[in-house]
Amino acid sequence: MQRIGVFVCWCGSNIAGTVDVKQVAEMLKHEPGVVFSTDYQYMCSESGQNLIKDAIKEYDLTGVVVCSCSPRMHENTFRKAAASVGLNPYMVEIANIREQCSWIHKDMPVGTAKAVILGRAAVAKVHLNAPLTAGESPVAKRALVIGGGIAGIQTALDIAEAGFPVDIVEKSPTIGGKMAQLDKTFPTLDCAACILTPKMVEAAQQEKINIYAYSEVDSVKGFVGNFDVTIRRKARFVKEDLCTGCGLCTEKCPMKKVPNEFNCGMDNRSAIYIPFAQAVPKVATIDASYCIKKKTGKCGLCSTVCGVGAIDYDQKDEFIEQKYGAIVVATGFEPISVEKFDEFAYSQSPDVVTSLEYERLMNAAGPTSGTLLRPSDKQHPHTIVFVQCVGSRCDAKNEKGKQYCSKVCCMYTAKHAMLTREKYPDTDVYVFYIDVRTPGKNFDEFYRRAVEDYGVHYIKGMVGKVVPENGKLKVQASDLLANEQLHIDADMVVLAAAIEPDKSARPLATMLTASMDTNDFFTEAHPKLRPVESPTAGVFLSGMCQGPKDIPDTVSQASACAAKVIGLLSKDKLTGNPCVAHSDELLCNGCSSCEKVCPYGAITYADKEFRMPDRTTAVRRVAQVNPAVCQGCGACTVACPSGAMDLYGFSNQQIMAEVDAICK
Amino acid sequence: MENTNLKERILEISGVNPRKCMKCGKCSATCPNYDEMEYHPHQFVDMVEKGNIEPLMASESLWTCLSCFACVERCPRSVEPAKLIEAVRLAVIRAQGGNHLKPQDIPDKLDDELPQQAIVSAFRKYSK
Amino acid sequence: MQVENKEFKPLIVAFCCNWCSYAGADLAGTNRLNYPADVKIIRVPCSCRVNPLFILRAFQRGADGVIICGCHPGDCHYTTGNYYARRRMTLLFSMLDYLGIEKGRTRVEWVSAAEGQKFAETMNSFVETIRSLGENKRLEDLRCKTE
């Protein structure tokens, strides 16, 4: 039998005004197990807390009921007070007689009667409370960053700076991501490679950072502080430790007709390739789907020319297993496919390009070595039409596009238009816009410069169709302010394609049990207050995988994310919430119902030996809850058909007791 | 100017919600008969939303719309301007109750360039 | 013979999830929005913690109505808890209806932490429904009868 103390708070007149606190204390004194009952003006005050502490000591209380304000307000206060005198904090229950009684009922007898019932329910619950201790789990002091774009690189650098080892897993042969493909960056117009490549080199040289390029995450098990991750190192057919990146093999390779991803397929590369000059790691990779040796068994030229013997045609995928305390998702984005928008004739004319392709056409390392030439006839274009919001801001019913604003297009289009006018003042540049969105430091100034200083024609309206005709692109568009339909003979059309999360994000989210929105962006734990954490503990979000953002935003988020990871990794142990589920192994029949409803993957199964009544032993499959992963929602307790699952702190019996006390 | 009843009827007939329009103008950009119209597709949407419907009903533009549905196909917000124009047209026809197109008139109007569907839909609309 | 005309005071049990609805009830209190004292709230971590047995127990013990409040779909603190609750309760309520517990005596509502107003309105309308349905005797456990 518990020895329970009841403490009724007046909260000044907040409670005492409509609830007869003396009577509540008196009535609850007669409840079974209550050995002490009193009231006081402010229980949460220092002296109120002392009153509770003294009573615990004097009456040797094993349970405490505080009739006061909402537990959301002061449950912790009273738990701490109890703990300070040696009573387990989870032996304290709150009856909410302020928010849910005195403040809403004007009539004293009604309020008092309800307060007594709420008090009774709390007393009935405390009878069944058991002391709980929060579990602890160790933290593996190593972070995994998935994705080696600017977001992943920045997060990894910041975590490494704090002294923790970091592994970057990047699916392509080099880190750098989309930023490596960009020419200049808005609004300062510094060249992307000039600011990115030093960071890539820094990441490669930083002792604490380990780069697994051309690798993918194969499986993730475990939980915050203790993730077990298997990384698949895809076969490059080149020994990474031997290759010096001299590039001789790429020159000699006879298979030179492979579309070059780095230049958006606008030129070709060889079957053995280094994506770009500043690649990190600078190691050649054989593209097995094009390599003549891999396909026919004849050739082997690269192996002959390689001075260090790095080529290994028989290389196999390798698997690495590693323990991590935290996982950062930085999987980034890709532009949507614009072929669906057939009105823009993207698949009919090579001169209709996406903005990323235009970026490559402007880039000194691009297919035209930085000279702006239109892809069809390699002539200099004189009229260029930019179309904004291609696939962004669409209605939910529109299957081709996305509902969100892609955020970066307004600015990069202004950049493209400005750079084009700067390099080729004889070019007419039209930008068709719905709205120009420039909320960012120096962003609107940048856009105005494009209009005022560089004479870019910004036209409020949209392009309706593009028709390739006699080497020109006939653009039909509306100018809403002039209320006119325009017909422009353009040489090139540039589409600001919407961006979408990388395709690898969804399977990864399933692996991590991290949640995503309908657009496949990872959801954050709280949209305002916890923007870089996933709701799944130990999983953090960096960059575009969480939502569209530009480079400054991405880098800020990457560093914020690193700060959260460092905060986690600098702990030696994690204290959990003790109100978690647990299974009664004698009752469990191993049916897996609980596992299926658990949103955190906290339930696993183990074969255990049980002694049977006839003294034999039998092996049965039983559910086991990992208290470090369980968040205590209780979904499993209801799903369990045998009643083996229960929740500490909100057990079946406790809630039943409350129901009984209320329905008396 | 505001004509709430008429507006509601137009919206009901068409099933269009003009508030979804983000005023990008792609409907008017895509319209093949733009120059023949006094009020252009984007203006239709705007004017219906504002309840400014009488000028539309009186306008020639109503009958110059080809019902090609290019604006419906390309509207990123799924506003469907052509359906709205069609609804205004119906409102006019219902108000007049007249018979505008007789079967015997059709052969004279035939033209190799004219899509057959246009004749069928015109006949369906303008005759009782 | 004189019939005693006593006012019917229903007994209503409300299960509120800790993250949204319980906070919504707190907000109703903070804003002093009245609802009848017949409603007694039991705090659960999530609406998916509400075992159908709790509801049966309440009806057995003489509750006249049971309402379950959770986070709005998509807002569950535990991501999917309220979906499970919704599914389970749909099944349970139709079974209860079959047993003679009218559908009006049970309800699932989504109340966010910001919807104090909605919480009070929901409780007012629920109590009103229960008042019109009268006392629940269908599932009452006769062994629990004290009179």
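Guide: In this predicted model, 2 pairs of chains touch, and the pair with the most contacts is that of chains A and C. Chains B and C, by contrast, do not touch, their nearest C-alpha atoms being 24 Å apart. The contact of A with C draws on 34 residues of chain A and 34 residues of chain C. On the chain C side, at least two residues each are supplied by α1 (21–30), β2 (39–44), α2 (52–60) and α3 (81–99) of chain C. Of these contributions, the largest share is that of α1(C), with 6 residues. By class, the side of chain C that touches chain A comprises 19 nonpolar, 8 polar and 7 charged residues.

Within chain A, 4 strands are paired in parallel as an open sheet, in the order β2-β1-β3-β4. Its edges are formed by β2 (34–40) and β4 (92–96) of chain A, each of which pairs on one side only. Direction ignored, neighbouring strands of this sheet are turned against each other by 15° on average. Strand β1 (residues 4–9) of chain A runs parallel to β2(A) and is joined to β2(A) by 6 bridges. A:Phe7 has A:Thr38 of β2(A) as its bridge partner.

Two helices that pack on this sheet may now be considered. Helix α2 (residues 46–59) of chain A touches β1, β2 and β3 (63–68) of chain A, and the direction of α2(A) makes about 165° with that of β2(A). Helix α5(A) also packs on the sheet, touching β1, β2, β3 and β4 of chain A, and its direction makes about 160° with that of β4(A).

Helix α5 (residues 108–127) of chain A has a further partner in helix α18 (residues 652–662) of chain A: their axes come within 8 Å and cross at roughly 150°. Because of that angle, α5(A) is roughly antiparallel to α18(A). The crossing of α5(A) past α18(A) is right-handed. From α5(A), the contact is made by A:Ile117, A:Arg120, A:Ala121, A:Ala124, A:Lys125 and A:His127. From α18(A), A:Gln654, A:Ala657, A:Glu658, A:Asp660, A:Ala661 and A:Ile662 take part. This contact of α5(A) with α18(A) divides into 6 nonpolar, 2 polar and 4 charged residues.

Terms used. Residues are numbered from 1 along each chain as its sequence is written. Chains are lettered from A and ligands numbered from 1 in the order in which they are written. This is a predicted model: local features need pLDDT of at least 70, side-chain atom pairs count only at pLDDT 80 or more; totals for chains, interfaces and linings use all residues. Two residues are in contact if their C-beta atoms, placed from the backbone, lie within 7 Å. Ala, Val, Leu, Ile, Met, Phe, Trp, Tyr, Cys and Pro count as nonpolar, Asp, Glu, Lys and Arg as charged, and the others, Gly among them, as polar. Axes are lines fitted to C-alpha atoms, for helices over the stretch in contact, and angles run from 0 to 180 degrees between N-to-C directions. Angles under 35 degrees count as roughly parallel, over 145 as roughly antiparallel, 65 to 115 as roughly perpendicular and the rest as oblique. A crossing is left-handed if the near helix is turned anticlockwise from the far one by less than a right angle, and right-handed if clockwise. Two strands pair if DSSP finds at least two bridges between them.
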